[in-house]
Amino acid sequence: MRAVVTVSLKDGVLDPQGEAIKSALGAMGFAGVDGVRQGKVIELDLAPGTTEAQVTEMCEKLLANTVIESYRVDLTP
Amino acid sequence: MKAAVLVFPGSNCDRDMAVALRAAGAEVRMVWHKESALPGGVDLVAVPGGFSFGDYLRCGAIAAQSPICRELRAHVDRGGFALGVCNGFQVLTETRILPGALVQNASTKFICKTVTLRVETAQSAFTARYAAGDRIDIPLAHHEGNYRIDNAGLAALRDEDRVAFRYEDTPNGALDAIAGVLSANRRVLGMMPHPERAADPALGLTDGSALFKSLAEALVAA
């Protein structure tokens, strides 16, 4: 099984990289972007028997800093 | 004062920290991150600057899971003193020993320069030899020094006089110009600027010396 963990900055947390990307897109002539948020994707190849609850614990303890970040876990067989 | 300086793979201010502590009279032991115990009788644990674990995942995140950080947590829970500078501050927030988080500088650039800080409180073992309102020149060097905390947390820091230092001219976007914060019991200080780089006349800056002397005085009897 595979878990794809998507980590994003929470709303309201300044994202300087997102702002830089937005600025670059604007400079390239892409006018249709109102906002950019950059996050990260972490893919876990899970050993048989690993539970979603364990993946959630991994997110809470290490993969995301829940002070500033939120996360989403997508499990695929 | 007995001090332990933690050393992670990628720490690079650990020896500077030891030099500054020793100059203030401390007995210093360096402690590798895989150690599962602190030296006996340690009063202060210093978490130095650098790029622990290459800043992978988030600055300080992997160091915060090191075996020695469990001991750091226990030391703090016993009422022990701790000082985190730069990456050390990031480690202290990642362990949740200090509130808030440090994100990328608003400019997205690495900043390396000497800045003027305003000492906001003399009510701590770290700042007793300063006076509130003092201006001190301290170098900083970081890419993720932009302090963030939620509104309730910020209100608590202000109400409890726990902002130790503010930037005179905020270089990194930090909320409320915060450069350093104290724990609720005022025994843990985290700060982005490097007082250990301003503690020897040979380096041209000495405004950081008082921090180490304050600690040595407070902990001499501890």
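The questions below concern chains A and B of a predicted model.

Q: In what order do the 3 strands of the open sheet in chain A lie?
A: The pairing in this sheet of chain A is antiparallel. Strand E2 (40–45) and strand E3 (69–76) of chain A are the edge strands, each pairing on one side only. The twist averages 20° from one strand to the next. The order is E2-E1-E3.

Q: Which residue of E3(A) is the bridge partner of A:Val4?
A: Strand E1 (residues 2–9) of chain A and E3(A) run antiparallel and are joined by 8 bridges. The bridge partner of A:Val4 in E3(A) is A:Asp74.

Q: At about what angle does helix H2 of chain A run to E3(A)?
A: Helix H2 covers residues 52–63 of chain A and lies across E1, E2 and E3 of that chain. Its angle to E3(A) is about 150°.

Q: How many charged residues are on the side of chain A that touches chain B?
A: The contact takes 14 residues from chain B and 9 residues from chain A. Helix H1 (residues 16–27) of chain A gives the most to the chain A side, with 3 residues. By class, that side has 7 nonpolar and 2 polar residues, and the number of charged residues is none.

Q: Why is chain B as compact as a globular protein of that length, and what is its radius of gyration?
A: Chain B has 5 helices and 11 strands. For 222 residues the globule rule gives 17 Å, and the value for chain B is close to this, so chain B is as compact as a globular protein of that length. The radius of gyration of chain B is 15 Å.

Q: What percentage of the residues in chain B is buried?
A: Here a residue is buried if 20 or more other C-beta atoms lie within 10 Å of its own. Of the 222 residues in chain B, the buried ones make up 55%.

Key. Residues numbered from 1 in each chain as written. Chains lettered and ligands numbered in written order. Predicted model: local features only at pLDDT ≥ 70, side-chain atom pairs only at ≥ 80, totals over all residues. Helix = DSSP H or I, 4+ residues; strand = E, 2+ residues; numbered from the N terminus. Rg over C-alpha atoms; globule rule 2.2 N^0.38 Å. Buried ≥ 20, exposed ≤ 12 C-beta atoms within 10 Å, placed from the backbone. Contact = placed C-beta atoms within 7 Å. Nonpolar A, V, L, I, M, F, W, Y, C, P; charged D, E, K, R; others polar. Pairing = 2+ DSSP bridges. Axes fitted to C-alpha atoms, helices over the stretch in contact; angles between N-to-C directions.
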